[in-house]
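Trainee: I've got the model open and a few questions for you. Could we go through some side chains and some helix packing?

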Amino acid sequence: MMGRIVLFLLLTILSGTAFGEKGPESFIKEGNDLFLKMDYEKALLSYGKGIEAFPDEPVLYYDRGNAYQKKGEYDKAVSDYQLAEKKGPRKILLKNIYFNLGNVYYARAEKMRNASKEQTEPLKEALAEYEKASDAYRKSLEIEREIAVKSNTDFSKIGTYAQKNMALTKEAWTETWEQIKLLERKNMKLEDGIENLLSAQMDLLPHLEQVYLHSANEEMLHFSLKTLAQYHVDTREEITYLRELADKEIERANAELENHKKSSNAQHSKAQQGQPPSSAGQGIPAQAPDADLRKLEDGLKNAKEIKKAVDQAAGLSEWVVEGLNTKKPLDAWKNNYFMIVLLKNLSDYLKKKDPVLSIYPLTIKEIVEAEILLATFKQEPDTPEEEGAGGYDPPGLRMKKLAKEKADAAEKGFDFINKTIEEMLKKVGETQGAPGEKQAPLDQKQADDPYAAFFQTFDRKAAVSALNRAKELNLSCEEGLNRLSPQLLSEGGGTDTKPVKDILEETMTAFNFYKTAPRPLIEIMVEVYQEVKKLNKTIDEKKGPEGVQSFPPFELLEVLVFKYALLLSDDLVGLLKDLGIEREALVKNQSALEGGYHALKIQKKMACDPKSAEGEETFRKESKRVEDEVLKGLRLIAPEVAAALFFDAVTGNLETVLAKLPGTKENAVVILETGGPVKEDLTQLRTILSDYFKALKTRLEKEPDAANRERLLPALEHRKMALSYLERGSAQYEKMRDAYAGEKFLSGDFFVKDLKDTVDKARLIFSGKPDDAIHALKSAISYQKVLREASQGAIAITTQEGSASAISSYLTDNQKDIQMLSGIAAMKIREMGEKNEGKVPVQPGRGGQVPPGQACPQNQGIDPAKRDETLSLVQDAMVEEEKIRAFLEALEYHNTFDKHDLVIEKLEKALSILENKEDNKGKEQEKNKDEGENSKNKNEQEQNQQKQNNQNGGGQKEAKPLELTPDQARELLNELNKNDSGKKTNEAETGSALNVPRPW
């Protein structure tokens, strides 16, 4: 009796949930009852509650997934089935999970397929879903078979539904794939079809090589060849469709040509009857009918050539299949390779790309692989090399035979490349005229600069020489392969011929010369300099051999040495002298570069050896030598380019410093270290510019055309102002160092920012800018905004560091720069009026926009009223700029803020008028508002403008500093106050700060 009681209590404890909370079974039963009643919403709620209470129960996830499936919410069903799978279900449940998961994937695929029958992307997504469904059914079937093995169930009676669904899935996948192919063909272009076929052939080639080289026996080889043949037969359908597309292109081109002929005949008939041709529009000259006819005839000819190439590809494809079926793998390989070359050429032709750039890599690839095969053969144990039956040879002989085929293919590649180069050289000769004939400059800039015209002509000749050099190397490689090929199958493998590695090196050099042939000498010098400098920095940062090993400019350096030597040829001696170029210095520089190039090639191998510290150091010295010599060459040949490199270097370093601001005690040392190269680069830049301006002035003074000389010399004087900015920049750099060293971090930050702006201005002036009113106004506005922030910073410096007097001169200099830019804008606006005097102004289009084809307003003429309004605004701004400068000199920083805004407002309004951006209505209102003000202040503006012109030479020269004592500054400010007090409220409304009490 006691035992029964204990047993009862034990059962009660184990099933306590029956008397307390519900177990998972109750949620499952409740949900399943609702499921059978098709009340899926309530079933989902019941399963959800069960999952909250028992989150590790897989049956609940499985059942909820079934409910989601019934509702058509397939994504949620997939998620629940996957969760059920992760919860460790029993095998019988896991089998059902996979089966239902397959059903969901299948249903999702059907939905995608039916929704988008005319779009390939959704159909491709449906393919992926069918594949997932098939995989899920397979897993379900495998588990069911495992269960059958354990329970000794007959295999024929299991997995019926899974097998049936797998078959349906495969059938749906096939139908969808066919549907995708039909759609792709329907929308396919000829270029796309060629690319698809090319991709298939490039995929076949390595498979064919592997089958030939590594088949274990003759039977395996023949089986694999038949398999590849079947694969290749599938491409016949693609070729057939390509031929149809090519035929359609011929039909289209032929139809266009016939329509044009009919139209031309009709117009000719009208002309004979005295009627005007229908195609001629009023004011539009008719194109020459012969030109149209030739264009259409060329189009038809090209379409026929494309069809011919496609037919050739079809023939090659048949030969590939025949070689595979007749157990001739090398014949199949040869035709497969030439089919790839043909398709690449055709693809490049349609894309208007240079075919040689595709053939060179293919040729190089075959030479490399031939070298690998020969090297591998030498490592094989000695075996009889007698030719076998049915194309099955010993491994070593197969390697040598394939190497021979690759060498023959590369030889034919060189033949194609050289024929293409010969055609290019012929065309260049036809366009350039007789050798040595000077070419006409491309534009007015080159007409003004014989230096640029000379290098344009030289670069053309150097390109021809580089192409000829590539051709010579190609011929050498072709001859080497021609001698090597027949000896590859002889005893010893042709050891008396040129080594394959030497042929490969010559090929790489030839490709390099071909690629870089059209690149100008100066462009190559710049890239070499930048790459070598980058490498030297890498080595300095202790990255050692890895930096040396990736030394990038070897190829370019070789071409540079070659083209540089052409520049020093005897027939150019006189021209170099006329241009003022020191030939002796160039000869020395070129010799040093050539020596550095050869030394680097020798030292690279040693430097890459981690055990050789001396090799790395020697390489570093030679690399630095090349860097210095390239820079010397640039200074001799293209000092403007050398200057641009150093402008970039200074700007880049300063931007790095600016990224580390604001300066603090902690990072001041880092800022100084980062900005360390700036001083050296500034000094180098000043030297480059100084030498350049001296040489340029000497050349200009020898200019025989007096008018041209008088026009260019003032422009040179304007550009020389860049030197004064660089001198200011050097002083700013020292001030920056002193400020940070003295822990005046705000002042240090000011000098860093101001130095960056100063270098930017130097570059602007050096480039001959601004050369039009719009550019001048944009620059003035930009720098005025910067100066407004700097003025605010000056107050912070005064508050925190005691005084900002040290930066007063720099603030004043910046305002003088803005006055100069405004003066240039005023001068250019006046010139616009003078040039267009007596001309009818071109009216803008609707909405005040510039008519199509017009670059900018001043090039098309300007309405006199607009010109006067614009000039008046700039003159008003210049009056305010003079006041700002006086305030800055008197350390009255807080009184400049409103003046900065006023200047910016007036200049932006002037710019808006010039760019035709201002609305007509708004302009009329503004004109009425300011009309009284402008008339009353006209005399004052003229006086101030005359004062500006006297100080800065009408905007062409930098204004001289206004040197005032404190008393003189006070007098000037009082005078300005008197002038301001006579004005009406217009300026008061703009926020003028001139009438505020002075601190003294």
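This is a predicted model: local features need pLDDT of at least 70, side-chain atom pairs count only at pLDDT 80 or more; totals for chains, interfaces and linings use all residues.

Trainee: Is glutamate 209 buried or exposed?

Mentor: Buried means under 20% relative accessible area. Glutamate 209 comes out at 10%, so it counts as buried.

Trainee: Which side chain makes a polar contact with the side chain of glutamate 209?

Mentor: For a polar contact, you want a pair of N or O atoms within 3.5 Å. The side chain of glutamate 209 has a partner at 2.8 Å, and that partner is the side chain of tryptophan 333.

Trainee: Over to asparagine 100: is it buried or exposed?

Mentor: Asparagine 100 lies in helix H6, residues 91-115. Its contacts, leaving aside neighbours within four places in sequence, are Tyr62, Asn66, Gln69 and Tyr81. Its relative accessibility is 12%, so asparagine 100 counts as buried.

Trainee: How many nonpolar residues are in the contact of H25 with H27?

Mentor: On the H25 side, the residues include Phe646, Phe647, Val650 and Leu654, and on the H27 side they include Leu682, Leu685, Ile688 and Tyr692. By class, two residues of this contact are polar and two are charged, and the number of nonpolar ones is 15.

Trainee: And H27 with H30, roughly parallel or roughly antiparallel?

Mentor: H30 spans residues 745-766, and its axis is 13 Å from that of H27, at an angle of about 20°. The cut-off for roughly parallel is under 35 degrees. So H27 and H30 are roughly parallel.

Trainee: What class are the residues in the contact of H27 with H30?

Mentor: H27 brings Val678, Leu682, Leu689, Tyr692 and Phe693, while H30 brings Leu755, Val759 and Phe766. None is polar and none is charged; all eight are nonpolar.

Trainee: Last one: what is the handedness of the crossing of H27 and H30?

Mentor: The crossing of H25 and H27 is left-handed. For H27 and H30, the crossing is also left-handed.

Technical notes
Residues are numbered from 1 along each chain as its sequence is written. Side-chain values use heavy atoms; hydrogens and water are left out. A crossing is left-handed if the near helix is turned anticlockwise from the far one by less than a right angle, and right-handed if clockwise. Helices (H or I, at least four residues) and strands (E, at least two) are DSSP runs, numbered from the N terminus. Contact means heavy atoms within 4.5 Å. Ala, Val, Leu, Ile, Met, Phe, Trp, Tyr, Cys and Pro count as nonpolar, Asp, Glu, Lys and Arg as charged, and the others, Gly among them, as polar. Buried means under 20% relative accessible area, exposed over 50%, partly exposed in between (1.4 Å probe, protein chains only). A polar contact is a pair of N or O atoms within 3.5 Å; within protein, one must be able to donate a hydrogen and the other to accept it, and residues adjacent in sequence count only if both atoms are side-chain atoms. Axes are lines fitted to C-alpha atoms, for helices over the stretch in contact, and angles run from 0 to 180 degrees between N-to-C directions. Angles under 35 degrees count as roughly parallel, over 145 as roughly antiparallel, 65 to 115 as roughly perpendicular and the rest as oblique.
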